[in-house]
Amino acid sequence: MAQLEYRLLDEEMGFPALFGYENIPKEEVIARCLCDYFVKEFTVYELTSSAKEDYLQVIYVKKVEEKPNSFTPGQISGMGYILLELREFLEEAEHYPLLKTLELGNMQDLLMYAVSQYINFQESEWEKTSFEIDEDRQVFSLYLKKSIPVKA
């Protein structure tokens, strides 16, 4: 188990702590460090860097936007599974089409997706554009753009 803290990347304010987590599994800390975006309390943060401070893992973020939404935080639950959405990344889109939702049995399976640059499914190769954790909805999301058709 580990300790994790999200801090705002703002030197003038002294890098204030935004959110902290005690006794979080190390594999989840690794997954969070691999994320490009972090959504919490309807606010989107972009991850800028991370640091190791003795017993504490720190992730630095900058605020990107606030996203009022129609769902209630915590509404989606994987019933003991880790949910991973595969979404199509479209330039200038307000909402990204859901291609598939995977129910993963453990964090190692999630990490295999998180570290992959390309994902093959729907008879096509898809390139990862970003990886996100949305705490409001309790889901990880991979944003993908179609690369090339997979030859049979």
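The questions and answers below explain how terms are applied to this predicted model.

In this predicted model, local features need pLDDT of at least 70 and side-chain atom pairs count only at pLDDT 80 or more, while totals for chains, interfaces and linings use all residues. Residues are numbered from 1 along each chain as its sequence is written, and side-chain values use heavy atoms, with hydrogens and water left out.

Q: What makes up the secondary structure of the chain?
A: The chain has two helices and 10 strands, where helices (H or I, at least four residues) and strands (E, at least two) are DSSP runs numbered from the N terminus. Along the sequence these elements follow the pattern β-β-α-β-β-β-β-β-α-β-β-β.

Q: Why is E135 called buried?
A: Buried means under 20% relative accessible area, exposed means over 50%, and partly exposed lies in between (1.4 Å probe, protein chains only). E135 has a relative accessibility of 19% and therefore counts as buried, although this residue is found in the loop between β9 (124–134) and β10 (139–149).

Q: What makes the pairing of E135 with R32 a salt bridge?
A: A salt bridge is a side-chain nitrogen of Lys or Arg within 4 Å of a carboxyl oxygen of Asp or Glu, and the closest N and O atoms of E135 and R32 are 2.8 Å apart. Because E135 lies in the loop between β9 and β10 and R32 in helix α1, the pair ties together parts that are 103 residues apart in sequence. R32, at 4% relative accessibility, also counts as buried.

Q: With which side chains does E135 make polar contacts?
A: The side chain of E135 makes a polar contact with the side chain of Y21 at 2.5 Å and with that of R32 at 2.8 Å. A polar contact is a pair of N or O atoms within 3.5 Å; within protein, one must be able to donate a hydrogen and the other to accept it, and residues adjacent in sequence count only if both atoms are side-chain atoms.

Q: Why does the pair E46 and K62 count as a salt bridge?
A: The N to O distance between the side chains of E46 and K62 is 4.0 Å, and the definition asks for atoms within 4 Å, so the pair is counted. E46 lies in strand β4 (residues 43–53) and K62 in strand β5 (residues 56–66), so this pair ties together parts that are 16 residues apart in sequence. E46 is partly exposed at 27% relative accessible area, and K62 is partly exposed at 40%.

Q: What makes a set of residues a nonpolar core, and which residues have the most contacts inside the largest one?
A: A nonpolar core is a set of buried Ala, Val, Leu, Ile, Met, Phe, Trp, Tyr and Cys residues joined through side-chain atoms within 4.5 Å. The largest core has 31 residues, and those with the most contacts inside it are Y6, F38, L84, L110, F131 and F140. Helix α2 (residues 107–114) gives the most to this core, with four residues.

Q: Why is I30 called partly exposed?
A: I30 has a relative accessible area of 46%, and is therefore partly exposed. This residue lies in helix α1 (residues 26–34).
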